[in-house]
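Subject: Structure handover

Hi,

Here is the structure for your review. My notes on what turned up follow below it.

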Amino acid sequence: MQLTPEEEFLRLAEWTEKYPHCHQLWYGGFLACLSINHPEYAKTVFSRGGRGLLILNGPKWQKHRKLLTPGFHYAILKPYVALTAESVSVMLDKWEKLIPKGTTSSLELFEYVSLMTLDSIMKCAFSYNSNCQTDRDNYYINTVLDLSFKFYQRLKNPPYHNDLVYWCSSPGRQFRKGCRLAHDHTDKVIKERKESLKNEQALEKILKKRHLDFLDILLCAKDEHGNPLSDEDLRAEVDTFMFEGHDTTASGISWLLYCMAQNPEHQQRCREEIKELLEGKDNIQWDDLGKLSYCTMCIKESLRLYPPVPQVAREVTEPVTFADGRSLPKEFTVSLNIYGLHRNPEIWDNPELDQGKGLLILNGPKWQQHRKLLTPGFHYAILKPYVALMAESVSVMLDKWEKLIPKGTTSSLELYEHVSLMTLDSIMKCAFSYHSNCQTDRDNYYINTVLDLTFKFYQRLKNPPYHNDLIYWCSSPGRQFRKGCRLAHDHTDKVIRERKESLKNEQELEKILKKRRLDFLDILLCAKDEHGNSLSDEDLRAEVDTFMFEGHDTTASGISWLLYCMAQNPEHQQRCREEIKDLLEGKETMEWDDLGKMTYCTMCIKESLRLYPPVPQIGRELNAPLTFEDGRSLPKGFIIAVNIYGLHRNPKIWDNPEVFNPLRFSSENSSFRHPYAFLPFAAGPRNCIGQQFAMNEMKVALALTLLRFELFPDPSKPPIPSPQVVIRSMNGIHLNLKALP
C-alpha cells in the first residue's frame, strides 16, 4: 500500500507512540530496516559511523569530508550572511508588492522560500547570480527545481529505488536528461573558475581580491598526498551542496515561519529581540547572529517539530548491540525516525500542543472535582444578575432587526446567525464580563476566531477520519483549528491574568460582591476543593472556553428553533405574547422575578426543545458492565449513543409526536411521563450544568422578541434540520417578521 505524505507522517507519529524505542519497517516488501525512535538507540548506531545511504561511503567519504570541512569554517561562512540577507530582501520585496499596504493577505510561502534559498546557495556555492527569484525563465533554475521534484517522486515509488528499473523508466530517462543539463552548467562554471584561478592558486591571494565561495575551497583543496578532487568529484560535491542544501533550508525556514504565525506571543518576542539588537539597522550582520538567543530557541523548537529531513538511514558496517541487549547483524539497514524521535513523549514533555480539557470532555476524579467546584457558579444568586445582561444583548439584536425590516412591512430574515451572535455576546458578558460588541462590530478578531472554531469543530465531526486526534492535528483543518485555539486561549489567558491581578486584594467572594456582581470567572478563581487547591490556569482557561463555546451555540440553536415553532403556531405565539404583556405590565425588559411566572411560555419552550433538542445525540462509554431491565447486557468500555432527537419523537412515548402541543408539559401531563422521556439537557450526574442559564436566556429572548415582533413562516425557505453537535438548519432558519406598533 502506497501512503500519501500526510499518512506517512501520521504513521511515523503513531509508531513512535506505540514503539517508543524502535520497530521493524519494510520498504516496498523487499527491504527491511530497523526504525529508531529513541536517542539511546540512535547514539548506539550513529556514533559508530556506518555507510551513509545518500551517496558516498568508506574511505572516499572520509577523504571528501576532510577536504570539505574547511569550506564551513566561520571565516568562510562570514561573508555569506550578506549574500543571504540580499536574497531574503528580494523575496520580501516581492511579498510587499503582492500584499497591499494596510491589508492582510494569504500567501503560499514554500515556493518563494525555496527560490530564495536556491538563489542564496548558488551565490554562496559558486558566486552565481541567477536572479531566479525574479527571472523564472532561466533554464538552469528550472532544471534544478525539476530535478528536486523528480528526486522526491523517485523516493516515493519503491520500485524506482532499484537503479536498473528507474533508469529504464520514462521518469528516470527525464531525470538523467536533467542531470546532464545541470552537469553541463556546473562543468562550465568549474572550467571558467579554474581558468581564473591559474595565477592565484593560494587561498591567501584569492582572499585579497574577493570573498571565498564553496567552489574556491573545493578547487584549492588537496589531500595529504597533494591530490585535488577530480572534475567529476568537484561537480558531484557542488551539486550535492546545492540540491540538498537549498531544499532542506527552504523546508526549515517555511515551517519556522508557520510556527511563528501559530504562536503570536513568541513571534512578538522574537521581533522585539531583533529590533533591540539591530537598533534601527536595516540588515543583519555576522556578529548579530550569536546574540539572537530567543530566536535561536524558537528556531530549534521549530526544527524539533518539523525537522527538514524527517528520516535518515545507515547501513551498519559491524554488528551492533544496544544497551538493552538487543542486537543487529552487520550490513543491516537502520532508519532514524527523526520526526518521531522529536515527538517521543518518553523524551519530550507535552511534545504536541495540549489543548486542555473542560468539563464537557473530562472523566473520572478530575471531572468530579471540576463539577463540584463549578456548581456554585450556577446557583440562582449568581444567575440572577445575568438576566439584565441577557436582556441587553437581546435588545441589541432586536434593534438590528428593526433597522432591517421597514415599519409596516413583513420581511424575511435568516435568524440563526443573528441569534448566535446574540448568545455569544451574552455569554461572554456573563462568563468574564467581556463586552465584545460582537453583534455590531464583526471585525473583532476574537469573535471571528470563536465563530470560526465553532464552524471547524462541526466540520471535524462530519469527517470520520478526523475523529482520530493524530490524523486531525496533522491535517490542514486541524492545524488551522489549533491556530484558532491558540488565539482564543491567548485572549482567555490575558483575561484570567488581568482578573487575578485585580483580585489580589479581594480574595473573598463577600468582598467582591460589595464592589460588583460576580461572573463565572470570579467563581472559578475563588473556587477551592476540600484540600484548599484551586484550579490551575490551564483548567481555568479550559472551563471558561467550554462554558462559552458549548453554551453559546446550544442556546442559539434552542432559541432559533423556538422562534421557528412560534411562527409555525400563531395561536401559541399569541398566547405567549399575552402572558408576557400581562406579566410585564408595560415594562420594556425582563427581571429575575418574572422568569418563574412565565408558565405557558415555559411549556412552549419545553415543547420546542422536545421537537428540536439543541444536542440531538450524546455519547457515553460504560465504565462498568450494564444489564438492562429486559436482561440484555453490554460490556465495560462499550460506546452508547443516546438518540435524544429520536427519543423525543418516539410514538410509544409521545402521542402524535410531530405535533407542537405545549400542554404535554402541564403539571398534570408531566406527572405521568417517564422521567427520562424528555432529555434536552441530558440526565444523571453528567447532565448539563448550565441548563438553568440556558432556560433563563430562552425565556428572556422569547419574551422580548414577542413584545416587538410578530413571527410568520417563510414558505419559500423551509428549514432543513441537520443533526450536528447541535441541531442546525442546512439552509438557515428563515422567518417573516413584522414589527409591532
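Helix H26 (residues 537–568) comes first. Its 32 residues should span 46 Å at 1.5 Å a residue, and its end C-alpha atoms are 47 Å apart, which agrees. The expected span is 1.5 Å times one less than the number of residues. Helices are DSSP runs of H or I with at least four residues, strands are runs of E with at least two, and both are numbered from the N terminus. H26 is mostly covered, with 28 of its 32 residues buried. Buried means under 20% relative accessible area, exposed over 50%, and partly exposed in between (1.4 Å probe, protein chains only).

Some ground rules. This is a predicted model, where local features need pLDDT of at least 70, side-chain atom pairs count only at pLDDT 80 or more, and totals for chains, interfaces and linings use all residues. Residues are numbered from 1 along each chain as its sequence is written, and side-chain values use heavy atoms, with hydrogens and water left out.

Helix H32 (residues 691–708) has 18 residues. From first C-alpha to last it reaches 26 Å, close to the 26 Å expected. The rest of the structure largely encloses H32, because 14 of its 18 residues are buried.

Salt bridges

The structure holds 17 salt bridges. The criterion is a side-chain nitrogen of Lys or Arg within 4 Å of a carboxyl oxygen of Asp or Glu. Some cases:

- Arg304 and Glu301 meet at 2.8 Å, N to O. They sit three residues apart in helix H15, so about one helical turn separates them. Arg304 is buried at 7% relative accessible area, while Glu301 is partly exposed at 36%.
- Glu607 and Arg664 meet at 3.0 Å, N to O. This pair links distant parts of the chain: Glu607 is in helix H29 (residues 599–611) and Arg664 in the loop between H30 and H31, 57 residues apart. Both Glu607 and Arg664 are buried.
- Asp630 and Arg632 have their closest N and O atoms 2.8 Å apart. Both are exposed.
- Glu86, Asp119 and Lys123 are linked in a salt-bridge network.

Aromatic pairs

A search of the whole structure finds 20 aromatic pairs. Rings of Phe, Tyr and Trp (its six-membered ring) pair if their centres lie within 6.5 Å; planes under 30 degrees apart are stacked, over 60 edge-to-face, and the rest tilted. Trp255 and Tyr306 are stacked, at 4.2 Å centre to centre with 10° between the planes. Trp255 lies in helix H12 (residues 231–262) and Tyr306 in the loop between helix H15 (293–305) and strand S4 (311–315), so the pair ties together parts 51 residues apart in sequence. Trp255 is partly exposed at 28%; Tyr306 is buried at 17%. Ring pairs also link Tyr160, Tyr166, Trp167 and Phe175 into a cluster.

Cysteines

How many disulfides are there? Zero, counting cysteine sulfur pairs within 2.5 Å. Cys259 is in no disulfide, and the nearest cysteine sulfur, that of Cys298, is 9.0 Å away. Cys259 is buried, at 9% relative accessible area.

Backbone

Two residues other than glycine have positive phi. Asn656 is near 45°, in the loop between helix H30 (644–647) and helix H31 (667–670). Asn656 is exposed, at 57%. Ala682 has a phi of about 65° and sits in the loop between H31 and H32.

Best regards
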